[in-house]
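Trainee: I'd like to learn how to read charged pairs and helix packing in a model. Could you walk me through it?

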Amino acid sequence: MGKFILKTDSVKKVINIDLDGTFSEEDGIKSIQAYQQTINPITPADYELHFDCRKLNVTAPNVVPLLEGCFIMIQKDGFVKVKLTLENNPILKMQLARLGRKAGLDNLEIISTVTA
């Protein structure tokens, strides 16, 4: 089961989203609804969107279209920058980078951290 936590930092103009686990289609839909409620009161063009994906698992093939739709939605919302932080997980990094390119998310930055 996937978990998500959304926090808006109005001072720094950043929305932080922590993702954890393996997302089902149902988890994905719930996270999209929470995301939309979070960004409704703000102007995304003034904000950065930071995803902490260090505890996120590779997305199952049946959920990839939903994830791709998320990237397209984020691209249309027009954030200043979109940053994904991952553990040293090359497969997840490739998957997210490919979906970001496909969605036209030119302001996507993916950071891989290595933990010992």
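This is a predicted model: local features need pLDDT of at least 70, side-chain atom pairs count only at pLDDT 80 or more; totals for chains, interfaces and linings use all residues.

Trainee: Let's start with K102: does K102 count as buried or exposed?

Mentor: Residues are numbered from 1 along each chain as its sequence is written, and side-chain values use heavy atoms, with hydrogens and water left out. Now the terms: buried means under 20% relative accessible area, exposed over 50%, and partly exposed in between (1.4 Å probe, protein chains only). K102, at 56% relative accessibility, counts as exposed.

Trainee: Which residue forms a salt bridge with K102?

Mentor: First the general idea: side chains of opposite charge can pair when their charged atoms come close. A salt bridge here is a side-chain nitrogen of Lys or Arg within 4 Å of a carboxyl oxygen of Asp or Glu. K102 pairs this way with E68, and their closest N and O atoms are 3.5 Å apart. K102 sits in helix α3 (residues 90-102) and E68 in helix α2 (residues 64-77), so the pair ties together parts that are 34 residues apart in sequence. Helices are DSSP runs (H or I, at least four residues), numbered from the N terminus. E68 is buried, at 19% relative accessible area.

Trainee: At what angle do α2 and α3 pack?

Mentor: Axes are lines fitted to C-alpha atoms over the stretch in contact, and angles run from 0 to 180 degrees between N-to-C directions. For α2 and α3 the angle is about 55 degrees, with the axes 9 Å apart. That makes α2 oblique to α3; angles under 35 degrees count as roughly parallel, over 145 as roughly antiparallel, 65 to 115 as roughly perpendicular and the rest as oblique.

Trainee: Which residues make the contact?

Mentor: Contact means heavy atoms within 4.5 Å. From α2 come V64, L67, E68 and F71, and from α3 come Q95, L96, L99, G100 and K102.

Trainee: How many salt bridges does the structure hold?

Mentor: Five. One of them joins K30 and E26, with the closest N and O atoms 3.3 Å apart. These two are four residues apart in helix α1 (residues 25-39), so about one helical turn separates them. K30 is partly exposed at 42%, whereas E26 counts as exposed at 51%.

Trainee: And what about D52?

Mentor: D52 forms a salt bridge with R54, the closest N and O atoms being 2.6 Å apart. D52 is buried at 18%, while R54 is partly exposed at 40%.
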